[in-house]
Amino acid sequence: MKGRFLGVWLVVSAPTLCYPGEAGSDSPLSWTGYGELTYERPADHPEEARLDLARFVIGAGYRFDDHTRLVSELEVEHAVSSAGDPGEVALEQAYIEHELHNGAFVRAGLFLIPSGLLNENHEPTRFHGVFRNFIETAIIPTTWREGGVGLQHPVQRLHRLAPH
């Protein structure tokens with residue numbers, strides 16, 4: 001009887017974050033970015049090794065005053081975008097945010113919907129594992145974004161209602 005061999009996959013994810021200039025900078029313009037480079041090499045089929053620039057995101061922001069800012073991100077997936085390739089170029093976010101009072105703010109434009117565990121925290125260094133999980137990728141997209149106006153206020157510490 002011939003034994004079966006389960007191939008071992010070597011998967012490397014190399015996320016990189018780029019932060020805006022020095023803290024306390026007087027410049028109202030900021031640049032951000034991150035990328036994800038993956039390398040897969042099946043142990044039983046090394047000839048099928050694959051290197052993929054899964055995503056490259058560049059963002060530009062502008063602080064108009066102490067309460068109002070512009071946030072934008074442009075994403076390139078799989079390093080290409082054409083009819084015959086799996087790549088994509090998309091404007092991921094572009095909105096103006098204005099702080100109202102006590103941490104409350106209003107946003108207008110194209111922004112990520114606060115839904116699911118990964119939607120607002122989908123950068124490669126913020127999820128646990130090499131790849132995004134199936135549920136948050138296929139069922140609840142990890143970059144679900146919509147155009148519109150949103151009002152948000154942070155929820156303070158929640159307390160149990162039952163007595164101690």
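Arginine 69 is partly exposed, at 28% relative accessibility (buried means under 20% relative accessible area, exposed over 50%, partly exposed in between; 1.4 Å probe, protein chains only). Its partner in a salt bridge is glutamate 97, with the closest N and O atoms 2.9 Å apart. A salt bridge here is a side-chain nitrogen of Lys or Arg within 4 Å of a carboxyl oxygen of Asp or Glu. The pair links distant parts of the chain: glutamate 97 lies in strand S6 (residues 88–99) and arginine 69 in strand S5 (residues 68–77), 28 residues apart. Strands are DSSP runs of E, at least two residues, numbered from the N terminus. Glutamate 97 is buried, at 10% relative accessibility.

The model is predicted: local features need pLDDT of at least 70, side-chain atom pairs count only at pLDDT 80 or more, and totals for chains, interfaces and linings use all residues. Residues are numbered from 1 along each chain as its sequence is written, and side-chain values use heavy atoms, with hydrogens and water left out.

A search of the whole structure gives 7 salt bridges. One of them joins arginine 55 to glutamate 36, at 2.8 Å from N to O. This pair also connects distant parts of the chain: arginine 55 sits in strand S4 (residues 50–63), glutamate 36 in strand S3 (residues 29–42), 19 residues apart. Both arginine 55 and glutamate 36 are buried. A network of salt bridges links Glu36, Arg55, Glu75 and Glu77.

Aspartate 52 and arginine 50 form a salt bridge at 3.8 Å, N to O. Aspartate 52 is buried, at 10% relative accessibility. Arginine 50 is partly exposed, with a relative accessible area of 45%.

Key. Helices (H or I, at least four residues) and strands (E, at least two) are DSSP runs, numbered from the N terminus.
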